[in-house]
Amino acid sequence: MAKVIVVTSGKGGVGKTTSTAALGAALAQRGEKVAVVDFDVGLRNLDLVMGAERRVVYDLINVVQGDAKLAQALIRDKRLDTLFLLPASQTRDKDNLTAEGVATVMAELKQHFDWVVCDSPAGIERGATLAMRHADIAVVVTNPEVSSVRDSDRIIGLLDAKTERAEKGQRIEKHLLLTRYDPIRAERGDMLKVEDVLEILSIPLLGIIPESPDVLRASNLGTPVTLVESAPSSAYRDAARRLAGESIPITVPGEKRGLFGKLFGRRAA
């Protein structure tokens, strides 16, 4: 039975879609069968980042409404045989997503995959709550800026209230993925330091993705960044290994010690 991950945040533009593609590809590189699901109905960017925009025939809404079988809508990645994409609809509204339909699709996905990685839309509305509803693990993507961290704090509250696990009195496993981190700017005070973000959000640190043009370059090429050698790809691959249960120290960019891996490594949230 698959583990379901939701990649979420309150603020747009922090790197959720990039992170969904990168983590999904990194898990698939381990030989595990992975489905990445785009819940951003009406916008649909995950197919672009995956380089599959011209291959979309059916989408999540089609499957939810019974117009297509799941197998018809899933797109197998051309580079990784164990990586599949379930795209969002570009022409429908998020109101076309029903709780019952999403539950049926997620149950079927869990039967056929090791990991289901859900790319949540920004905010706290219907699409975001449906994306997180069936999650076992939440990856909260945050930039080191006050507005992004504040919005992520709100999302953490929703994860503890609006998921199936919460309704059963269980805690969802939560992890922080800090993206676009620049140690020089952090030292100057132009952005929050890692320890400041951790103090505010108080959830385990999954990884730190350094600011790099390699991320944008990979997205523009339609390639998950983990398939191209760079500092961000290495950081994402390590984050995926931590999700899979490995204990790997986290090194803050610009520092040589794995201090934060010891303090904020993988543990139940």
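Here is a quick briefing on the cores, strands, salt bridges and aromatic contacts in this structure. Keep in mind that the model is predicted. A search of the whole structure turns up 17 salt bridges and one aromatic pair. The largest nonpolar core has 51 residues, and another core, of 37 residues, lies apart from it.

**Nonpolar cores**

- In the largest core, the residues that touch the most other members are Phe 39, Leu 86, Leu 97, Leu 109 and Val 116.
- Helix α7, spanning residues 146-159, supplies the largest share of this core, with five residues.
- The separate core of 37 residues includes Val 7, Ala 21, Val 36 and Ile 137.
- Val 116 is worth a click: setting aside neighbours within four places in sequence, its contacts are Ala 2, Lys 3, Val 4, Ile 5, Ala 35, Val 37, Met 106, Leu 109 and Lys 110.

- Six of the six residues in β6 are buried, so the strand is mostly covered.
- On one side of β6 sit Ile 137, Val 139 and Val 141, and on the other Ala 138, Val 140 and Thr 142; all of them are buried, which leaves both faces covered.
- That two-sided pattern goes with a general point: side chains in a regular strand alternate between the two faces of the sheet.
- β1 and β6 run parallel and are joined by four bridges, with Ile 137 of β6 as the bridge partner of Ile 5.
- β6 also pairs in the parallel sense with strand β7 (residues 173-181), this time over six bridges.
- In that pairing, Lys 174 of β7 stands opposite Ala 138.

**Salt bridges across the sequence**

- As background, side chains of opposite charge can pair when their charged atoms come close.
- Lys 11 and Glu 145 form a salt bridge, with 3.5 Å between the closest N and O atoms.
- Lys 11 is in the loop between β1 (3-8) and α1 (16-29), while Glu 145 is in the loop between β6 (137-142) and α7, so this pair ties together parts 134 residues apart in sequence.
- Lys 11 is partly exposed at 25% relative accessibility, and Glu 145 is partly exposed too, at 32%.
- Glu 246 and Arg 30 meet through their side chains in another salt bridge, at 2.8 Å from N to O.
- Here the two residues are 216 apart: Glu 246 lies in the loop between α12 (231-243) and α13 (259-264), and Arg 30 in the loop between α1 and β2 (34-38).
- Relative accessibility is 29% for Glu 246, which counts as partly exposed, and 37% for Arg 30, which is also partly exposed.
- Arg 30 and Glu 246 belong to a network of salt bridges that also links Glu 32, Asp 238 and Arg 241.

**A salt bridge within one helix**

- Arg 217 and Asp 214 are joined by a side-chain salt bridge at 2.5 Å, N to O.
- Both residues are in helix α11 (residues 213-220), and because they are three residues apart, about one helical turn separates them.
- Arg 217 is partly exposed with a relative accessible area of 45%, and Asp 214 is partly exposed at 28%.

**The aromatic pair**

- Which rings make up the aromatic pair, and how are they arranged? They are Phe 84 and Phe 113, with centres 5.5 Å apart and planes at 70°, so the arrangement is edge-to-face.
- The pair links distant parts of the chain, 29 residues apart: Phe 84 is in strand β4 (residues 83-86), and Phe 113 is in the loop between α5 (99-112) and β5.

**A buried loop serine**

- Ser 120 sits in the loop between β5 (115-119) and α6 (126-133).
- Is Ser 120 buried or exposed? Its relative accessibility is 2%, so Ser 120 counts as buried.
- Beyond its neighbours within four places in sequence, Ser 120 is in contact with Val 6, Val 7, Thr 8, Lys 16, Ala 128 and Ala 131.

Conventions:
Residues numbered from 1 in each chain as written. Predicted model: local features only at pLDDT ≥ 70, side-chain atom pairs only at ≥ 80, totals over all residues. Heavy atoms only, no water. Core = buried A, V, L, I, M, F, W, Y, C linked by side-chain atoms within 4.5 Å. Buried < 20%, exposed > 50% of the residue type's maximum accessible area, 1.4 Å probe, protein only. Contact = heavy atoms within 4.5 Å. Salt bridge = Lys/Arg side-chain N within 4 Å of Asp/Glu carboxyl O. Pairing = 2+ DSSP bridges. Phe/Tyr/Trp six-rings, centres within 6.5 Å; stacked < 30°, edge-to-face > 60°.
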